[in-house]
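Please keep the structure in view while reading.

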Amino acid sequence: MSGPRSKGSGAAPGPAPVPRETAIRPGGQQRMPVPAGTVIRPGGWWTPMSPEGRGPGGGPSRGPESVGDAPPTGDPRGPLAPQRPDPGSADATAKAHEGAQGLTGLEPPAATTGAEDAAGADADGRAPRAPRRRTGELAVYFVYDVGLVGTGDPAPVLEAVLGAGVRAVQFRAKAVPDGLAYRLARAVRRLTAHHGALLVINDRLDLALAVGADGVHVGQDDLPADVVRRLWPDGLLGVSVRTPAEARAAEAAGADYVGAGALRSTATKDDARVIGLQGLERVAAATRLPVVAIGGITVADLPALRRAGMAGVAVASAIARAPDPGRAAAAFVRAWQRASG
Ligand SMILES: Cc1ncc(COP(=O)(O)OP(=O)(O)O)c(N)n1
Ligand SMILES: Cc1nc(C(=O)O)sc1CCOP(=O)(O)O
Ligand SMILES: [Mg+2]
């Protein structure tokens, strides 16, 4: 669903089964088709790509075959352990995409995970809030960029980040083979659901549906926002904008929030166009939608971004590349609370 080759993170296609470590380089992105007429309903490995070959937090890289070693959810079979699909659920849809590797560890749709309270129960504490009503949880929105973190087990980074109070994760996998992207996204779904956090998939409606994500984020060169909204009426929909006009169009198309940026240039997305703080302010003034700033954001930016009317910050490298991602995430959460108080 992305435009022709978004830059900033890409992967060399890897053979099946999952390669032990897949190098992430700019390149093409494969697609997984959504069957026509699909009814759309809401719903570990660790091989970070640091030049030193060390994982976030300084730990060693681990191969995918160690997935079952350290289950994040208490499932002794590990994060990709088989789950029984609910017929008609996104899980069942996903099973159809399993292929020869037989991994079936898809988390059920969010509405049935049992994580509803943490996932945002209504004031009465009974009914889970629909993803579209949870934009307040985008305050510190972690972009889990496979180009930064690698194709290894998402658990160490995400357990740390989610444990630090981050309530929303975007899964961004550029130029990653479909099967691998699916398995990674499924593991991320499992972890986010366990923590009651939102999961938004970058670019790809098909992948979002396949793993039972809460939403999808599309840019100006991706599948048009009004088309996504028509196909997924209940999904949380984010749209990237740079101008007031784009923000108004996103609102008209049915977006739930806009991602605005870049605040500054960033190695995570080398084709990002900088609009700066003033550009962000202009976007915020043009729409009633929550505006999430993105692009090179650090903790020190949060007070100014809050004053500029931002509803949140989307952050990749300042967390993923930090020596201790959990600590970095906690600093963002604290700084946002302070800036908002
Ligand atoms: C929260 C948020 N805002 C903006 C973007 C950028 O989306 P896009 O312009 O489609 O670029 P890619 O991320 O697809 O390269 C985003 N991902 N998230
Ligand atoms: C994914 C993305 N979109 C951008 C935009 O300007 O639209 S900037 C960006 C990268 C965000 O990562 P980091 O926090 O490492 O800069
Ligand atoms: Mg995009």
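In this predicted model, eight strands form a closed barrel in the order S1-S2-S3-S4-S5-S6-S7-S8, with parallel pairing. Strands are DSSP runs of E of at least two residues, and helices are runs of H or I of at least four, numbered from the N terminus; two strands pair if DSSP finds at least two bridges between them. On average, neighbouring strands of this sheet are turned by 25° against each other, direction ignored.

**Conventions**
- Residues are numbered from 1 along each chain as its sequence is written, and chains are lettered from A and ligands numbered from 1 in the order in which they are written.
- Local features need pLDDT of at least 70 and side-chain atom pairs count only at pLDDT 80 or more, while totals for chains, interfaces and linings use all residues; side-chain values use heavy atoms, with hydrogens and water left out.

**Barrel and helices**
- Strands S4 (residues 215–218) and S5 (residues 236–241) run parallel and are joined by four bridges; within this pair, valine 216 stands opposite leucine 237 of S5.
- Helix H8 (residues 244–253) lies across S5 and strand S6 (257–261), at about 160° to S5. Contact means heavy atoms within 4.5 Å, and angles run from 0 to 180 degrees between N-to-C directions of axes fitted to C-alpha atoms, for helices over the stretch in contact.
- Helix H12 (residues 325–340) lies across strands S1 (140–145) and S8 (312–315), running at about 165° to S8.

**Largest pocket**
- The largest pocket has a volume of about 810 Å³, the space filled by probe spheres set on grid points joined across faces, edges and corners.
- A pocket is an open set of points on a 1 Å grid where a 1.4 Å probe fits, with protein on both sides within 12 Å along at least five of seven lines; lining residues have an atom within 4 Å of a point.
- Its lining comprises 40 residues, of which Arg172, Ser240, Lys269, Asp271 and Ala272 lie nearest the centre.
- Elements that each supply at least two lining residues include S5, strand S2 (168–172) and helix H11 (317–320).

**Annotated positions**
- An unreviewed UniProt entry annotates Asp203 and Asp222 as "binding site"; annotations may be inferred rather than shown by experiment. Although spread over 20 residues of sequence, these two cluster in space, with a largest C-alpha distance of 6.4 Å. The lining of the largest pocket includes Asp203 and Asp222.
- Aspartate 203 is found in the loop between strand S3 (198–202) and helix H6 (205–210).
- Serine 240 lies in strand S5.
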